[in-house]
Amino acid sequence: MNKTFYITTPIYYPSANFHIGHCYCTIAADAIARYKRLDGFETYFLTGSDEHGQKIENKANEAGVSPKEYVDKIIEDAKDLWSSLNITYDRFIRTTDQDHVKTVQKIFKKLYDNGDIYKGEYKGLYCTPCESFWTATQSPDGLCPDCGRPINEVSEEAYFFKLSKYQSRLEEYIENHPDFIEPVSRKNEMINNFLKPGLEDLCVSRTSFSWGIPVDFDNNHVVYVWLDALSNYITALGYETSNDENFQKFWPADVQLVGKEIIRFHTIIWPIILMALNLPLPKKVFGHGWLVINGEKISKSLGNYKDPREYIKDYGQDAVRYFCLREIPFGSDGNFSEEALIGRINSDLANIWGNLVSRTIGMINKYFDGEIQNKKCFEKIDIPFIENLKKLKKDADAKIDELQISKLLETIFDTLRASNKYIDDTTPWTLAKDDQKRDRLETVLYNLLESIRITAILLKPFMPTSAEKVLKNICTTKNEFKDLFYLENLQYKVTNNPEPLFERIQKD
Ligand code: MSP
């Protein structure tokens, strides 16, 4: 059987156009999905939109259109954004998709028939913008603990899901599966702040608004958003349909990426839904940090951001991808600023990567008319250089599995930096002056091309367009993950006038 890999992002609310914060998680998922795909895994990458709920209904009313018309426009824009970032999802699920709607109704009924959902009376505090219920203990000041806005007391007939019934099973599961919630700090937070105080049953239907999936056996009710939203990860694969091949193949998910503010939904409610459905739990839920601007979370409600396409237009798709993946250790918060973005472009992409490629290709053209092979005239300095190239793939595999994307890029850029240093140490321009040193010169340039080839293959998942450009410039057909070794006997013929990979950007 093929190795498979299933990765998901949260499905985002289309209450406004998506911003760089949404790009952040989607770029990370795309890079991981691409890595696994190139590494021979049959991969499924799911993203999408969470379209129901009162907030969207209100927004559509304000705009004077139907909720569906309102979200259609935003989704069109989102898909354009994903294509401008070269995002390779396998499915963009919308919670208004008919297959999703039908399966959510089936799930609701199944949970009801099994006695895990029951009808009751909801009294509580509700934050409309965040679509979150809070208890009085969680909100002693009457303000939403997430966004700080006032929350209202509401009371209505509602269905509830018996989270409490599964509490100890979940505690045991988390205890026995140390990789299930990452990073570890988030795991401890879930145990101490949510599980230890005891779980309250969860409201899973509403009667006070109508923009939602109808509960098909009780038409006054629509499914309340989190049950609807979380189910997307299995409805997208055809769970409970006659076409469930993907579900059989890909569930349980290997990695579910979520922002730290929704990790509690994904590590408490979601696993309990799965337990109640008798399904295996995802192997890993990873809570990543936030992009912040001047210390504040980039968010739709604060409106503190530009259209991400402006950054792409000004700095390029791969530079934006690289910045998001490299600047902030995955799991921590980090500042997003154009200044830092320019800094990364100049220091890493132009000075280190671009420079290495153009210097090396320039010398091969100058000294060998663009064509070289390995003359194997090695010296001591080559040993650590080649040894490092040989172990790069293994290092990268380990870092991808730990979701240490920033560290992985750091490792690759360390290799590129070391390659620039190798040029400075071996001084090919001096070797070129001595006819006796032709073979040595050719070997040095060969080693450099091997470094450029191997790093470019490894950079494909992260900066696909630029990596392909480099591989094209060095005209190699050994450009796949299976070619990630130091190869001894390639015949290289490089382009004679490559355009620069990245231009340095002047700060004004
Ligand atoms: N619809 C829910 C998720 C349901 S999943 C079953 C939701 N949507 S959202 O539009 O608010 O998107 C939240 C996600 O977007 C975060 O968890 C995170 O992955 C990403 N981000 C939104 N703003 C972000 C930042 N400022 N920084 C990093 N990621 C951010 O919650």
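Which of the 26 residues around the ligand come nearest? I opened the notebook with this point and noted I11, D50, G259, H288 and L291. I record here that the model is a predicted one.

**Entry 1. Ligand contacts**

For I11, I found a backbone N or O atom 2.8 Å from a nitrogen atom of the ligand. For L291, I noted a polar backbone atom at 2.8 Å from a nitrogen atom of the ligand.

**Entry 2. Strand 11**

I next looked up the neighbours of strand 11. Strand 1, residues 4-12, pairs with strand 11 in the parallel sense over 2 bridges. Within that pairing, I located T8 opposite Q256. Strand 12, residues 285-288, also pairs with strand 11 in the parallel sense, here over 4 bridges. I noted V285 of strand 12 as the bridge partner of Q256. To reach strand 12 from strand 11, the chain passes through helix 10, residues 263-276. I recorded this β-α-β crossover as right-handed.

In what order do the 3 strands of the open sheet stand? I read the order as 14-13-15, with mixed pairing. Strand 14 (296-297) and strand 15 (334-335) each have a single partner strand and stand at the edges, so one side of each is left without a neighbour in the sheet. I noted that strand 13, residues 291-293, pairs with strand 15 in the parallel sense over 2 bridges. In this pairing V292 stands opposite N335. L291, listed above among the residues nearest the ligand, lies within the range of strand 13.

**Entry 3. Cysteines**

I searched the whole structure for disulfides and found 0.

**Entry 4. Backbone geometry**

Most residues other than glycine have a negative phi, and most peptide bonds are trans. I therefore listed departures from this pattern.

I found a cis peptide bond between E182 and P183, with omega about -10 degrees. P183 sits in the loop between strand 7 (181-182) and helix 6 (184-195). I found another cis peptide bond from W251 to P252, with omega near 5 degrees. P252 lies in the loop that joins helix 9 (245-250) and strand 11.

I then turned to phi. D369 is not a glycine, yet its phi is positive, at about 55 degrees. I placed D369 in the loop between helix 13 (338-368) and strand 16 (371-373), and its relative accessibility of 67% counts as exposed. T427, also not a glycine, has a positive phi of about 40 degrees. I placed T427 in the loop between helix 15 (405-426) and helix 16 (428-431). With a relative accessible area of 22%, T427 is partly exposed.

Where is N473 found? I located N473 in helix 18, which covers residues 464-473. N473 counts as buried, at 11% relative accessibility. I also looked up its separation from P498, which is 25 residues away along the chain. The C-alpha atoms of N473 and P498 are separated by 6.4 Å.

Terms used:
Residues are numbered from 1 along each chain as its sequence is written. This is a predicted model: local features need pLDDT of at least 70, side-chain atom pairs count only at pLDDT 80 or more; totals for chains, interfaces and linings use all residues. Side-chain values use heavy atoms; hydrogens and water are left out. Two strands pair if DSSP finds at least two bridges between them. A disulfide is a pair of cysteine sulfur atoms within 2.5 Å. A residue is near a molecule or strand if one of its heavy atoms lies within 4 Å of it. A polar contact is a pair of N or O atoms within 3.5 Å; within protein, one must be able to donate a hydrogen and the other to accept it, and residues adjacent in sequence count only if both atoms are side-chain atoms. A crossover is right-handed if, with the strands pointing away from the viewer, the path from the first strand over the helix to the second runs clockwise. Buried means under 20% relative accessible area, exposed over 50%, partly exposed in between (1.4 Å probe, protein chains only).
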